[in-house]
Amino acid sequence: MLMNVQFKKGVLELCVLVLTAKQDRYGYELVASISEKFHISEGTVYPLLRRLTQEGFFTTYLAESQEGPPRKYYQLTNRGRQYMNDLVLEWRIFNRGVNEIIEEGLGYDKA
Amino acid sequence: MTRREFMDELNALLSALPDKERLDILADYTEHFLLGMKQGKTEHEIAEGLGSPKLVARELLAGYRIDQAQSNASVGNMTRAIVATISLGFFNLVFVLGPFLGLIGILMGLYAMTAALLVAPVGIFLDYGIPAPSQERLFLLFSSMVSVGLGGMFAIGLLRLTKWLYRQFLRYLQFNVKMIRGK
């Protein structure tokens, strides 16, 4: 169970970092894009964003929008980008390993 | 739960934080509600998606307390960090409090031993005052020097060990928080 919690947490971290790789994003946008794909407790994304900001992986700025409230944008720092690359690499290795195990275990022949 | 209820509860739970930090956090959630409502969601739906304010507050507080203990080392801060971490779950009663009390016990034992080494010569010198065969005097003199020397070295080592343990324990707490939160 611990493994599972830790696992989900790591995945969430990976997701917010990757989502900000090409453009700055605001919190709601991040929450919405993730919970579109899988279930999360949306409220816990903000503490995660704060922690990543405190650790120097994000900087934030407020930007007005034509409609609605000003939005707090999260911008990936160089350190954050480095960290994201490490996580993505780790994820790819992990993902490939698990897929191979599943294919071998369930015995899908490439007939 | 309405937006008002969610925000009020979160605000109350975060009362221990400095105003600046607390208001900044509340602004994040206000923004979330406003944007959600713009998308046509009801306050109730948004609050539902966010999850319990208690869960949110617990994570924020645990993160904050450990930051404090790190930047400002003191017994009080350390205690608050531990209390916050313990409140994350019963699990921690065993996995945080246990090791912590064990470490305190070992440290106290070492301090007691060091104190004994430093104090021992007082007893030896009390003896030394009484006329005694010269060989025995020399032995007493040397043994008290050895005792004080060892005591001094232990004292220096122990102070370093205490600082080091403080840092290690903080890292352990951080690791622990990472394990517990983020579900």
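Reply: Here is a walk through chain A, starting with a pair of helices and moving on to the sheet.

Keep in mind that this is a predicted model. Let's begin with helix 2 (residues 27-35) and helix 3 (residues 45-54) of chain A, which pack with their axes 10 Å apart and at an angle of about 120°. Angles of 65 to 115 degrees count as roughly perpendicular and those over 145 as roughly antiparallel, so helix 2 of chain A ends up oblique to helix 3 of chain A. The crossing of these two helices of chain A is right-handed. Who does the touching? On the helix 2 side of chain A you'll find G27(A), L30(A) and V31(A), and they meet V45(A), Y46(A) and L49(A) from helix 3 of chain A.

Chain A has three strands in an open sheet, and going across it the order is 1-3-2, with antiparallel pairing. Strand 1 (25-26) and strand 2 (58-63) of chain A each have a single partner strand, so they stand at the edges, and one side of each is left without a neighbour in the sheet. In general, strands of a sheet pair through backbone hydrogen bonds. Look at where strand 1 of chain A meets strand 3 (residues 71-76) of chain A: the two run antiparallel and are joined by two bridges.

Methods
Residues numbered from 1 in each chain as written. Chains lettered and ligands numbered in written order. Predicted model: local features only at pLDDT ≥ 70, side-chain atom pairs only at ≥ 80, totals over all residues. Pairing = 2+ DSSP bridges. Helix = DSSP H or I, 4+ residues; strand = E, 2+ residues; numbered from the N terminus. Axes fitted to C-alpha atoms, helices over the stretch in contact; angles between N-to-C directions. Parallel < 35°, antiparallel > 145°, perpendicular 65-115°, else oblique. Left-handed = near helix turned anticlockwise from the far one by under 90°. Contact = placed C-beta atoms within 7 Å.
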